[in-house]
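Dear colleague,

I am passing on the structure we spoke about, with the sequence and the coordinates placed just below. After them I have set out what was found, beginning with a question.

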Amino acid sequence: MGDITARTIKRLAETVRLLLLEDDALVIEATQTLIESNYLCKVDVFQSIDAARSHLESLDSSLVGDYYSLAIIDLYVQNQKGTDIIRWLKQYTDTPCIVVTGFPGSEYATEAANLGVVGLVAKPLDVKTFDDIFKTYRLPKSSRLPASST
């Protein structure tokens, strides 16, 4: 088996995409930094449900189901329910959804569970939580890849 080249790593990072729906700028920055520095993933950040839905609807319908490896969705986004975008994703894709929330016992958390999310994670998120989630979905961790000079 050949060495993993920088080009291969870059292509992998561009093809493994996560959708992050979050409206808190500090949480976005911390989460995006944590993910992109530890995993070979591209994180597409949306700060409103309307922006996320508009983006998803703009994708070629044949690509929507395969575009994101995982969606991480805040349960409350600008006074809207994150379950709205989960419902949309479930209707058009098979993208696994994880809900993050500061209110894990709320009725919206129950609604999200009933929609078939694969996980409900209380904030604040930590590296171990992401590692467990990403192992489940076999997302590539950058520190596990050999260094390459090409």
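Predicted model: local features only at pLDDT ≥ 70, side-chain atom pairs only at ≥ 80, totals over all residues.

Five strands make up an open sheet with parallel pairing, in the order β2-β1-β3-β6-β7. Its edge strands are β2 (42-46) and β7, each of which pairs on one side only, and the twist from one strand to the next averages 20°.

Strand β6 (residues 97-101) has five of its five residues buried, so this strand is largely enclosed by the rest of the structure. From β6, the residues C97, V99 and T101 point one way, while I98 and V100 point the other way, and all are buried. On one pairing, strand β3 (residues 70-74) joins β6 in the parallel sense over four bridges; I72 stands opposite I98 of β6, and I73 has V99 as its bridge partner there. Four bridges also join β6 to strand β7 (residues 119-122), and these two strands run parallel. Between them the chain crosses from β6 through α6 to β7, in a β-α-β crossover that is right-handed.

The helices

Helix α3 (residues 49-58) packs on the sheet, where it touches β1 (17-21) and β2, and its direction makes about 125° with that of β2. Helix α5, in turn, lies across β1, β3 and β6, and runs at about 160° to β3.

How are α5 and α6 oriented to each other? Helix α5 (residues 83-92) and helix α6 (residues 107-114) pack at an angle of about 5°, their axes being 10 Å apart, and the two are therefore roughly parallel to each other. The contact involves T83, I86 and R87 on the α5 side, and Y108, E111 and A112 on the α6 side. Sorted by class, this contact of α5 with α6 comprises three nonpolar, one polar and two charged residues.

P124 sits in the loop between β7 and α7 (127-136). Is this residue buried or exposed? P124 has a relative accessible area of 73%, and is therefore exposed. Although P124 and V27 are 97 residues apart along the chain, their C-alpha atoms are separated by 8.5 Å.

With best regards

Definitions and conventions: Residues numbered from 1 in each chain as written. Heavy atoms only, no water. Axes fitted to C-alpha atoms, helices over the stretch in contact; angles between N-to-C directions. Parallel < 35°, antiparallel > 145°, perpendicular 65-115°, else oblique. Contact = heavy atoms within 4.5 Å. Nonpolar A, V, L, I, M, F, W, Y, C, P; charged D, E, K, R; others polar. Buried < 20%, exposed > 50% of the residue type's maximum accessible area, 1.4 Å probe, protein only. Pairing = 2+ DSSP bridges. Right-handed = clockwise from strand over helix to strand, strands pointing away.
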